Amino acid sequence: MSEHHHGDGHGHHHDNHFTDMEARVKALETVLTEKGLIDPEAIDAIVETYETKVGPRNGARVVAKAWSDPEFADWLKRDATAAIASLGFAGRQGEHMRAVFNTPDTHNLVVCTLCSCYPWAVLGLPPVWYKAPPYRSRAVIDPRGVLAEFGLELSAEKKIRVWDSTAELRYLVVPERPEGTEGFSEDALAELVTRDSMIGTALALSPEAAR
Amino acid sequence: MNGPHDLGGQHGLGPIAPEKDEPYFHAEWEKRALGITLSCGAFGAWTLDESRHARESLPPPIYLSASYYEIWVRALETLLKRHGFITQAELDTGHMLEKGREPKRVLKAEMVAGVLATGGPCDRPVDRPPRFAVGQTVRTKNFNPKTHTRLPRYARAKVGVVEAVQGSFVFPDDNAHGKGENPQWLYTVVFDAGEIWGEGADPTLTVSIDAWESYLERV
């Protein structure tokens, strides 16, 4: 950004416009690369994986299949890791999966109060809010207040079950199948399954809302 | 440890502010932070539990004001220095000054797909039966170790019900400190909100944690 000139009145001159974190990470990457400890192309490959290959569309496929295929839904309840792997989704932060199903009585919500545990294999990288203190602190004590901030008002009778991911189990919420979706293909159903509906901060979209 | 990471139940940390159509990364450095962190994890020099402990050991004012990728970067610097791969002087100058420790493995681009697809399973067999059964009422321990634990403060000394026996897993409280994996049975224990939060708790709310066997006592 050399085209940007500071006024003369500034007390000191920056020789670049890196933020602190840019500079910090650049130094770290340079040292590690000079030592042969990291391969910058491996970093590119990791980033590309989570930008283009592993994301919430994976989880949406799982949910759409569970809605369409009772045998798969049953397998997902009993052994989520294997059922999800059968669709090709496995690996880092998806080694030990559990699927929890919303019902007319109970709404499920997933949090990691201690760090940022999240089912990468089916949802990809977590959003900033999932990793940040406001959500992590309040999901376990005031989930209704949390859900209201996402625009989701549940009926007063609906039970709420919060799953705090304190171990290596990673939780996928299977939202309820929206009404008016009889006869929908798995592809069409998957379009209704948002990332937030698989964390529990939203419901699946209605066909009207998805249009 | 009773660190800044143990956030369940705290008030006053502000609105959640979900971002519409949030991008995967908010800056280029976050991409590098992700890739560097995963690459260095592949050295095999420390465990996931040790890296979690390095993150939660950040000073509370830093932890609570940093983005999660910043938390990762700061903890990674600690781990790399602790295990002899880099020095603070190198971080300060931004260049290699001395040859450090050699890792068991350097993650090359062609290895990435395989490593990410395999992940790091941490279920391990144990040679004893589970001490607790599904449906059993249990109480979590009251302890306040200065070391790593995965029993959150809000769920200590609370009575709940074993809902599932999830298998046996590496015990993070030991594994974070180089004491070995020492696997234990892991249970999903569910609590009524009233047990955890007392007066004014949402009567429709239950909260579960995944608890290692040594976190639990018979009632």
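Student: How many Å apart do the C-alpha centres of domain 1 and domain 2 of chain A lie?

Tutor: The two C-alpha centres of those domains of chain A lie 32 Å apart, and please keep in mind throughout that this is a predicted model.

Student: Which residues belong to each of those domains in chain A?

Tutor: According to the domain assignment of chain A, domain 1 covers residues 20–51, while domain 2 covers residues 56–210.

Student: Switching to chain B, how many helices and strands are there?

Tutor: Chain B has 8 helices and 5 strands, and if you follow the sequence they come in the order α-α-α-α-α-α-β-β-α-β-α-β-β.

Student: What does the C-alpha trace of chain B span?

Tutor: Along its principal axes, the C-alpha trace of chain B spans about 60 × 45 × 35 Å, and of the 219 residues in this chain, 37% count as buried.

Student: And what share of its contacts join residues at least 24 apart?

Tutor: If you take the contacts in chain B between residues at least 6 apart in sequence, 65% of them join residues at least 24 apart.

Student: I'm looking at helix α2 of chain B now; how many of its residues are buried?

Tutor: Helix α2 of chain B, which runs over residues 48–56, is mostly covered, with 7 of its 9 residues buried.

Student: Which ones are they?

Tutor: The buried residues in α2(B) are B:D49, B:E50, B:R52, B:H53, B:A54, B:R55 and B:E56.

Student: OK, how many residues of chain B are in contact with chain A?

Tutor: On the chain B side there are 70 residues, and they are in contact with 64 residues of chain A. The elements of chain B that give two or more residues to this side are α1 (28–41), α2, α4, α5 (88–93), α6 (112–118), β2 (159–169) and β4 (205–212).

Student: Which of them gives the most?

Tutor: That is α1(B), which gives 10 residues to the side of chain B that touches chain A. As for the kinds of residue on that side of chain B, they divide into 37 nonpolar, 18 polar and 15 charged.

Student: Which strand of chain A is joined to β4(B)?

Tutor: Strand β3 of chain A, residues 159–164, is joined to β4(B) by 4 bridges, and the two strands run parallel.

Student: What stands opposite A:V162 there?

Tutor: Opposite A:V162 you will find B:V207, which lies in β4(B).

Terms used: Residues numbered from 1 in each chain as written. Chains lettered and ligands numbered in written order. Predicted model: local features only at pLDDT ≥ 70, side-chain atom pairs only at ≥ 80, totals over all residues. Buried ≥ 20, exposed ≤ 12 C-beta atoms within 10 Å, placed from the backbone. Contact = placed C-beta atoms within 7 Å. Nonpolar A, V, L, I, M, F, W, Y, C, P; charged D, E, K, R; others polar. Pairing = 2+ DSSP bridges. Domains from an automatic or database assignment.
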